[in-house]
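Biologist: I have a model open and would like to learn how to read it. Could you take me through it feature by feature?

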Amino acid sequence: MNGDLMQVAYWIIAALLTLTYLYSGGMKLTQGRERLVQMMRWVDRAPMAGVKAIGVLEVLGAIGLILPPLTGIAPWLAVAAAVGLVLLQIGAITLHLARGEARQIGLNVALLVLAVIEVWLATMWV
């Protein structure tokens, strides 16, 4: 794949993932259980410390996709951030399947695929 095309693809996917994870992680960090359960049923039985930790990881992953390649400082962190988002989605899919919520994993699968592609695209920064 052409280097310029790879960069365009990287930034498009990075923008989509960043917006998604900043929103999702921000919600987990700023909202209480009662509000989150309305959007994310799995929160009903999860410890709030775990929910907040996932929120932190999502926000850090989003930042890690953008800042390192943008600044040129430690660009390998973009690969690490993308791998972290892959692992988050594997965990999310596993949780939904364990709860019998197989019909709820469509978005998780899409985010997993995008994060896997982003891991590959991010290798151009290292």
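This is a predicted model: local features need pLDDT of at least 70, side-chain atom pairs count only at pLDDT 80 or more; totals for chains, interfaces and linings use all residues.

Biologist: Start with helix H1. What span does H1 reach from its first C-alpha to its last?

Modeller: Helices (H or I, at least four residues) and strands (E, at least two) are DSSP runs, numbered from the N terminus. The expected span of a helix is 1.5 Å times one less than its number of residues. Helix H1 covers residues 3–30, which is 28 residues. H1 reaches 39 Å from first to last C-alpha, close to the 40 Å expected at 1.5 Å a residue.

Biologist: Which side-chain oxygen reaches a backbone nitrogen at the start of H1?

Modeller: One from asparagine 2. That oxygen comes to within 2.8 Å of the backbone nitrogen of aspartate 4.

Biologist: Which residues of H1 are buried?

Modeller: Buried means under 20% relative accessible area, exposed means over 50%, and partly exposed is in between (1.4 Å probe, protein chains only). The buried residues of H1 include Met6, Tyr10, Ile13, Ala14, Leu17 and Tyr21.

Biologist: What covers the buried residues of H1?

Modeller: Contact means heavy atoms within 4.5 Å. The cover includes H2, H3, H4 and H5.

Biologist: Take alanine 14. What does alanine 14 contact?

Modeller: Alanine 14 is found in helix H1. Alanine 14 counts as buried because its relative accessibility is 0%. Setting aside neighbours within four places in sequence, alanine 14 is in contact with Leu65, Ile66 and Glu118. Alanine 14 and leucine 114 are 100 residues apart along the chain, yet their C-alpha atoms are separated by 8.9 Å.

Biologist: Now glutamine 89. Is glutamine 89 buried or exposed?

Modeller: Glutamine 89 lies in helix H4. It counts as buried, since its relative accessibility is 4%. Not counting residues up to four places away in sequence, glutamine 89 touches Tyr21, Asn108, Leu111 and Leu112.

Biologist: Which side chain makes a polar contact with glutamine 89?

Modeller: A polar contact is a pair of N or O atoms within 3.5 Å; within protein, one must be able to donate a hydrogen and the other to accept it, and residues adjacent in sequence count only if both atoms are side-chain atoms. For glutamine 89, the partner is the side chain of asparagine 108, at 2.8 Å.

Biologist: How many salt bridges are there?

Modeller: Side chains of opposite charge can pair when their charged atoms come close. A salt bridge is a side-chain nitrogen of Lys or Arg within 4 Å of a carboxyl oxygen of Asp or Glu. By this rule the count is 4.

Biologist: Which residues are linked in a network of salt bridges?

Modeller: Arg41, Asp44, Arg99 and Glu101. Glutamate 101 pairs with arginine 41, with the closest N and O atoms 3.5 Å apart. This pair links distant parts of the chain, 60 residues apart: glutamate 101 is in the loop between helix H4 (76–98) and helix H5 (106–122), arginine 41 in the loop between helix H2 (33–39) and H3. Arginine 99 bridges to aspartate 44 at 3.0 Å, N to O. Those two partners lie 55 residues apart, arginine 99 in the H4 to H5 loop and aspartate 44 in the H2 to H3 loop. Arginine 99 also meets glutamate 101, at 3.0 Å, N to O.

Biologist: Is glutamate 101 buried or exposed?

Modeller: Glutamate 101 counts as buried, because its relative accessibility is 7%. Arginine 41 is partly exposed at 48%. Arginine 99 is partly exposed at 22%, and aspartate 44 is partly exposed at 37%.

Terms used
Residues are numbered from 1 along each chain as its sequence is written. Side-chain values use heavy atoms; hydrogens and water are left out.
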